[in-house]
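Please look at the protein model shown below before reading on. The paragraphs that follow lead through one of its pockets, its sheet and a pair of its helices.

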Amino acid sequence: MPGRALSFGAAAQAYERFRPGYPEELADLVLAYADRPVRTALEIGAGTGKATRPFARRGIAVTATDPDAAMLAELRRHVPADVRVRQAAFEQLCADERHDLVYAAAALHWTDPDRRWERVAGLLTPSGVFASFGGPLRLADPALRDAVAAARSEFLADDEIPSPDGTPPSAGMQWPGTELRASEWFADVRQSEIERRITISADDYVGLLSTVSAYLELPPHVREQVFHRVRDVLPDTVEVTADVTVHLARRTSPGRRSAGRRAGPDD
């Protein structure tokens, strides 16, 4: 996955143009969960800053990180000037500063699972909050989804990323909530859903596909052929589901959590 994770820079401007932003409701949800002042935040895999903006608008001092220079160049054009920008992969971040909030928007699955939660915890203040959110952008009409799948099938069987830990879509708790619940570093794990539907032109939908890693990995001439085939089966406008699944957790001392569990009534 590392090469796929670094494929977005070539489409940074398209990513900014075609990817929908995040609703203000998302920042409200995260900050209500925190239930304490959030003065500083660290963003993992910030991309072009789609999720940087709602938190920066709340007056939070955000440090936006991403390994891709092209994505960060685009980010700088769209975020407030006081947002700190750092080119670094998650695994390169050092706990020299701790933050009230660490979050990742549609980026956590690109990180190395080895010591992932220990690393996140090391970037947080005691009782600091971690948030991960995102979700696939899908055509709302099942018949159109099938038509697009058939149009691309010669070159691409699937354009989505499976759950990193194999959790089925029908499970009540999705990844990364599953891992957070099992981690000794986090407690009070919650999952929420923000439902959204957006109507866009067919051309913009194809533009959206041009920012998806599965298509970016195709050879350019093949990619263009796929996009032409997809556009041919679409009406002029399409409705897209853009639901945001939000996972929240609170940093805790491993020792304190273990002690709490030993004293729990269910143990």
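Which residues line the second largest pocket? They are Leu42, Thr63, Thr65, Arg84, Val85, Arg86, Leu93, Cys94, Asp96, Glu97, His99 and Leu123. The model is a predicted one, in which local features need pLDDT of at least 70 and side-chain atom pairs count only at pLDDT 80 or more, while totals for chains, interfaces and linings use all residues. Residues are numbered from 1 along each chain as its sequence is written, and side-chain values use heavy atoms, with hydrogens and water left out.

On a 1 Å grid over the protein atoms alone, a pocket is an open set of points with protein on both sides within 12 Å along at least five of seven lines, and lining residues have an atom within 4 Å of a point. The second largest pocket has a volume of about 170 Å³, a volume being the space filled by probe spheres (1.4 Å probe) set on grid points that are joined across faces, edges and corners. Strand 2 (61-66) and strand 3 (84-87) are the elements that give two or more residues to this lining; the largest share, 3 residues, comes from strand 3. Helices (DSSP runs of H or I, at least four residues) and strands (runs of E, at least two) are numbered from the N terminus. By class, the lining has 5 nonpolar, 3 polar and 4 charged residues.

Two strands pair if DSSP finds at least two bridges between them. Strand 1 (residues 40-44) pairs with strand 2 in the parallel sense over 4 bridges, and Thr40 stands opposite Ala61 in strand 2.

Two packed helices are described by the angle between their axes and the distance between the axes. For helix 9 (residues 202-209) and helix 11 (residues 220-232), the axes come within 10 Å and cross at roughly 145°. In this contact, Ala202, Asp203, Val206 and Leu209 of helix 9 meet Phe227, Val230 and Arg231 of helix 11.

Technical notes: Ala, Val, Leu, Ile, Met, Phe, Trp, Tyr, Cys and Pro count as nonpolar, Asp, Glu, Lys and Arg as charged, and the others, Gly among them, as polar. Axes are lines fitted to C-alpha atoms, for helices over the stretch in contact, and angles run from 0 to 180 degrees between N-to-C directions. Contact means heavy atoms within 4.5 Å.
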